[in-house]
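Here is a brief report on one structure.

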Amino acid sequence: MNRKLFISAISKFALGVLLVGALVFIPAGTLKYGPGLLLMCVLFIPMFIAGLIMMNKNPELLKSRLDAKEKEKEQSLVIKLSGLMFIVGFVIAGLDFRFSWLPLPKWVSILGAALFLLAYALYGEVLRENTYLSRTIKVQKDQKVIDTGLYGIVRHPMYMATVLLFPSMGLVLGSLFTFIIFLAYIPIIILRIQNEEKVLEAELKGYNEYKQKVKYKIIPYIW
């Protein structure tokens, strides 16, 4: 096991737990925020398990997933907008619970958790199919076009998963306001895809032919 990689992964995981926990529970004014606890479970338990699997099966993929430094100017903006969206969304969810602005029924949180886990499973399948997936937009050495499995249906199945994954967080948290805020992810990811495809067209051999074969970006038969 790569000790340096393990320490880096655990450190970032712990930081994520503390950061999300603080953004959700401090505004809520209590740790007895059921939907908040549910989100922490469905978000971080699968993440921890996935990290362990990648550590043992494909440490290079884990290393690339931990690298969040974007070189593309457009992608740097996407990262900042996404971060702002999450901060505002989590804080609003906590305040919504604390002051009972517009609480959603408990079954909505359960439904949201089911959708979240479904999207997470889809996300995991994408990672299994494409070992070149990094968090930043770049073409890696010896990278090839993947055109089978989910990549035979849409060109960006990872983003297809996240379009379901992130808005469902608002449902898990039982906050209609947060759900609406997280819908901002859709235009944000459209901006990311537009720039990413320019990079792939220019740098990844065979990508233009792949675009002709697979017409849809993230939603089959729609876009």
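## Nonpolar core

The largest nonpolar core has 54 residues, and Phe90, Phe116 and Met169 touch the most other members. Such a core is a set of buried Ala, Val, Leu, Ile, Met, Phe, Trp, Tyr and Cys residues joined through side-chain atoms within 4.5 Å. Buried means under 20% relative accessible area, with a 1.4 Å probe and protein chains only. Helix 6 gives the largest share of this core, 8 residues. Helices here are DSSP runs (H or I, at least four residues), numbered from the N terminus.

This is a predicted model: local features need pLDDT of at least 70, side-chain atom pairs count only at pLDDT 80 or more, and totals for chains, interfaces and linings use all residues. Residues are numbered from 1 along each chain as its sequence is written, and side-chain values use heavy atoms, without hydrogens or water.

Phe90 touches Met169, Leu173 and Phe182, among others, leaving aside residues up to four places away in sequence. Contact means heavy atoms within 4.5 Å.

## Helix 6

Gly174 follows helix 6 and has a positive phi, near 70 degrees.

## Packing on helix 8

The axes of helix 6 and helix 8 come within 10 Å and cross at roughly 165 degrees. Axes are lines fitted to C-alpha atoms over the stretch in contact, with angles from 0 to 180 degrees between N-to-C directions. The pair is therefore roughly antiparallel (angles over 145 degrees). Helix 6 contributes Tyr159, Thr162, Val163 and Phe166 to the contact. Helix 8 contributes residues including Tyr185, Ile189 and Arg192.

Note on methods: Buried < 20%, exposed > 50% of the residue type's maximum accessible area, 1.4 Å probe, protein only. Helix = DSSP H or I, 4+ residues; strand = E, 2+ residues; numbered from the N terminus. Parallel < 35°, antiparallel > 145°, perpendicular 65-115°, else oblique.
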